[in-house]
Amino acid sequence: MGPRRIVCLTEEPTETLYALGEQDRIVGISGFTVRPPQARREKPKVSAFTSAKIEAIMALRPDLAIGFSDIQADIAAELVRRGVEVWIANHRSVDGILDYVRRLGALVGAGDRADAYAGSLRRGLDAIEARAAALPVRPKVYFEEWDEPIITGIQWVAELVRIAGGDDVFPELSAQPLARARILADGAPVVARMPDIILGSWCGKKFRPEQVAARQGWDAIPAVREGELHEIKSPLILQPGPAALTDGVAAIAAVVQRWAARRAQ
């Protein structure tokens, strides 16, 4: 039932299909895939995020390609022109990720397993949120997705920060679906919002807290004064899939809980 030869242009469908026991349907993956680790060993890598090896994909004879967002529109269009059915998901919230899991499961005839898996992911989030509710004070959190230009966090990241016990300092920007709408002209707005914690996840490169701390005027920020600059590995948080709802939010919660514990001393 459903497509038998799926090319996953991003990591989240790969991770989800493996979690559902449907990995045999996958014939090609994104080169950025790190979860689950065996996918890199077992499946050919046929795409990046903004580009793809179209001929290599066609040689795999896919009956479905799954990608994410407007950034992959050109890849999708070329595959459609070649006769491949394409699903470009565009979910941007925690609820959207859970719904994505359910929809993908239904697509491959694993609806019941997908419902159960989504339920377990939700229960994990609820447990983290319940623990965060006991915090005596919530930190203000600034999440940086890129440094040049400065790009703030997307909606699911802001929601996971809240679930973990913090408050995102740019809630109005996190609601913007496109990265260009979350660009800051300079660092002054961050200074003005005085975050207690700075989280960095620079997609594709290592977060450099010393560079962030050295920005003009940022020495006035509580997070910088107290050394609260932390990297959240981008595969854990910047892909709108299971990783963000498990290890990603757990990493944020660990930072918040440590911050709260120091405040209580």
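**Aromatic rings and strands**

Modeller: Tyr142, Phe170 and Trp218 form one aromatic cluster, where rings of Phe, Tyr and Trp (its six-membered ring) pair if their centres lie within 6.5 Å, with planes under 30 degrees apart counted as stacked, over 60 as edge-to-face and the rest as tilted. This is a predicted model in which local features need pLDDT of at least 70 and side-chain atom pairs count only at pLDDT 80 or more, while totals for chains, interfaces and linings use all residues. Residues are numbered from 1 along each chain as its sequence is written, and side-chain values use heavy atoms, leaving out hydrogens and water.

Colleague: Which residue has its charged end over the ring of Trp218?

Modeller: A charge sits over a ring if NZ of Lys or CZ of Arg is within 6 Å of the ring centre and within 35 degrees of the ring normal. Here the charged end lies 4.7 Å from the centre of the Trp218 ring, and the residue is Arg215.

Colleague: Are Phe68 and Trp156 buried or exposed?

Modeller: The scale calls a residue buried under 20% relative accessible area, exposed over 50% and partly exposed in between (1.4 Å probe, protein chains only). On that scale Phe68 and Trp156 are both buried.

Colleague: What is the order of the strands in the open sheet?

Modeller: Strands (E, at least two residues) are DSSP runs, numbered from the N terminus, and two of them pair if DSSP finds at least two bridges between them. The open sheet has five strands with parallel pairing, in the order β3-β2-β1-β4-β5.

How values were computed:
Helices (H or I, at least four residues) and strands (E, at least two) are DSSP runs, numbered from the N terminus.
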